[in-house]
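This briefing is for a reader who is new to the structure. Please look at the sequence and the model first, then read the points below.

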Amino acid sequence: MDVAGAVAGSRGLEATRAAGESPRPLRPVRVAIVGLGRAGLAHATLLAAMPDCEVVALVDRRGEARARLHGLGYRARDFARVARMLEAVKPDAAIVCGPQHERAALATEVLAAGVAALVEHPFGVTLEQAEAVARAGEGKTLAGGCALAFEPIFRRAHELLAAGVLGPIRQARSSMYVTRVFDARHPALLEPGPVAGGVLAQVACDLLFLLVWYLGMPAEVRATSQRIYGGLEDEMHAMMKLTSGVEVGFDCSWSVPGYPQPATVIELEGENGKLLISDDGIEAELEQPRGGLAAGHSRLASAELPHPAAFDWGGEAMYLMDAAFLAWATGGPAPPNRGAFAIEVHRVMDALYRAAASGEPQTVAS
Amino acid sequence: MSRKALEPPRLLLAAASLTHGARMPRPRMIEIAERYREPESLAVTLSKALDAGAEGVLAVPAPALDAALVELGRRVPIYAVLPDPTPSGRYDLQPTRLDPLEGTPGAAGFGTRLRLAWTRATRPWAFAQRDFGLLVRLALEARASIIPRRALHGVVVAAGVTDLALAGGQHHFFEKLTRWIRGRFRARAAFETMNLGLLLARLREWDVRPDFVVGPVNPRGLMMKPSRDETLDEISRSAVPVVATQLRARGLCTLDEGARFAFEHGVLGLAPDLAEMDDVGAELARIRGWRDSKVPPRLEGERRA
């Protein structure tokens, strides 16, 4: 799918909100949190501050994790097993963020019970597991975790591209760097079970999501990766070829100094000029005025956009993601990270890992 | 310590940008890191800030700050933002950990180590995990005790921790910690937050009064949660003094505009960050006069005797 196709495919499905307005549940909604690690804690924190949202169940087989959440003041019922929770509480929606090797099974169980699910990325350790989750979510409310797509600046970039500011894209480059892993004992490398991968699966999947959202699915990918500190890749360099023949560069690393906060940059060149999209803002250099942007150079700082989340914990993107999911689960419009789209990102990720392992170009499953 | 001595600060130099805690554009972050690479340059800036009327530094204790303080050879009042939590965003990769004791400095003195050992011995770990307040107190004990007692003028509970407790609705956490910080460190007890309006509303509802709270206030309403209007309304009603940060709204307005706006809406003190000023001495000196503006009547009374 090319840019136009990607945009057309998503039009009418995404949550379209007035500028400056946060999505929110359309009616009171009861939510379970499945998996009480860092992500589970973050979701619990944000949901506690969301209007018309009640956290009714906490699920984790580790008693220690459940005790910690209670220690933080959460009074919801806690369970060691999902089945027991589904039977006893019957939530309207669940956030599934258990360990990667358990996530697919947990998500499938939740979806089978008819409960709307937001499943953190990746859906599972392998593409097969992720596909199983996507199948379980067909015709149901399934969303994948991708907070970056809810950052106002990246959302605005999508709107500009949808408005055709650049026209047909000629080339694209992207990168995501963060200073995190410099030690084989880093917790990211010590997960209790198998994981889908390193920096790509755990961090840069958000950038991959943005690229697929902005530009459409690649048909073929080439990649190389480096393992520096352990068994998972710490860096990856890739080229992805869209069906239009356009090449998209992709670099990521979690072992690079100077990036205490994750830094995402996407550079696009099209028939009508260039766009540079980053966490800080959007810079445009256009031949002709389009999409509300003037010809020549213009800049839109991230701070200039409305930041409508009602609660901030480490930023507001995750709040907006959760709110959009719960709006969808209560009858609102589908968000961009709906399951049918999220699985396409898994397919690209799988192709990148196959390409890095084989050293050969790989086609992306459809 | 007299009540007078626990008055909230009116003008602080914030140094969150030194530890990458400030939310600012990446080019500015790189510029600040480069500017203060040498302890001497930071020491000069701190000295200028104090001469210009800053009452202290609001910062996470970090090697760069420590080195500058040594270089300066002058006692600088510290309002320590603690504990310094690992980044709490989605990218944090410690899925099973929530332990403020993690990374407890080993350089704590004998007395502190003894106190920590006693606390741990008398509170079984399994129980302690259920008591977030206890975990935080242990972390504060370990970290704040490294700072010379006479320099420690305030302990400001970091936003990552404050907002966790706020979301959990833990009024005992705020109540007990306020009392404990005052008693243990003979210093001001404060809370930093990224959800100022909500925190002020809860503190009012629970009738909990820390010495002050620190949070974003600016004319653009950036980072003012749950919303600009609700936050301003709470500031105007609150009996807890507010020290405002993020005055420039990431560069969308000037420091003067931010400071004027904050005072007009009932903020008691300002804490502009290093990254929000090009000439720290001159800019702080310019807003120094505003610091002495009239204290809002709701903040007068027995606490400020």
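In which loop of chain B is the place of B:P83? B:P83 sits in the loop between strand 3 (78–82) and helix 4 (110–122) of chain B. The model is a predicted one.

**Domains of chain A**

- Chain A is split into domain 1 (12–146) and domain 2 (148–306 + 336–363).
- Between the C-alpha centres of domain 1 of chain A and domain 2 of chain A there are 25 Å.
- Domain 1 of chain A brings 20 residues to the contact, and domain 2 of chain A brings 22 residues.
- On the side of domain 1 of chain A that touches domain 2 of chain A, the elements giving two or more residues are helix 5 (100–112), helix 6 (127–136) and strand 6 (142–144) of chain A.
- Helix 6 of chain A gives the most to that side, with 4 residues.
- Sorted by class, the side of domain 1 of chain A that touches domain 2 of chain A holds 12 nonpolar, 6 polar and 2 charged residues.

**A helix pair in chain B**

- Two packed helices are described by the angle between their axes and by the distance between the axes.
- In chain B, the axes of helix 2 (residues 39–51) and helix 3 (residues 63–72) come within 8 Å and cross at roughly 70 degrees.
- Angles of 65 to 115 degrees count as roughly perpendicular, so helix 2 of chain B is roughly perpendicular to helix 3 of chain B.
- From helix 2 of chain B, the residues B:P39, B:E40, B:L42, B:A43, B:L46 and B:S47 take part in the contact. They meet B:A64, B:A67, B:A68, B:E71 and B:L72 of helix 3 of chain B.
- The residues of this contact between helix 2 and helix 3 of chain B comprise 8 nonpolar, 1 polar and 2 charged.

**B:R188 in strand 5 of chain B**

- B:R188 is placed in strand 5 (residues 188–192) of chain B.
- B:R188 is buried because 24 other C-beta atoms lie within 10 Å, and 20 or more are needed for that label.
- Leaving aside residues up to four places away in sequence, B:R188 touches B:L6, B:P8, B:H153, B:G154, B:D211 and B:F212.
- B:V155 and B:R188 are 33 residues apart in sequence, and their C-alpha atoms are 6.2 Å apart in space.

**Backbone details**

- Most peptide bonds are trans, and most residues other than glycine have a negative phi.
- The peptide bond from B:L82 to B:P83 is cis, with omega near -15 degrees.
- B:K225 and B:P226 are also joined by a cis peptide bond, with omega at about 5 degrees. B:P226 is found in the loop between strand 6 (212–216) and helix 10 (228–237) of chain B.
- A:K90 is a residue other than glycine with a positive phi, near 50 degrees. A:K90 is in the loop between helix 4 (82–89) and strand 4 (93–96) of chain A.
- A:K90 counts as partly exposed because it has 14 C-beta neighbours inside 10 Å.
- B:A249, a residue other than glycine, has a positive phi near 50 degrees. The loop that holds B:A249 runs between strand 7 (242–245) and helix 11 (255–264) of chain B.
- B:A249 counts as buried, with 23 C-beta neighbours inside 10 Å.

Key: Residues numbered from 1 in each chain as written. Chains lettered and ligands numbered in written order. Predicted model: local features only at pLDDT ≥ 70, side-chain atom pairs only at ≥ 80, totals over all residues. Axes fitted to C-alpha atoms, helices over the stretch in contact; angles between N-to-C directions. Parallel < 35°, antiparallel > 145°, perpendicular 65-115°, else oblique. Contact = placed C-beta atoms within 7 Å. Nonpolar A, V, L, I, M, F, W, Y, C, P; charged D, E, K, R; others polar. Domains from an automatic or database assignment. Buried ≥ 20, exposed ≤ 12 C-beta atoms within 10 Å, placed from the backbone.
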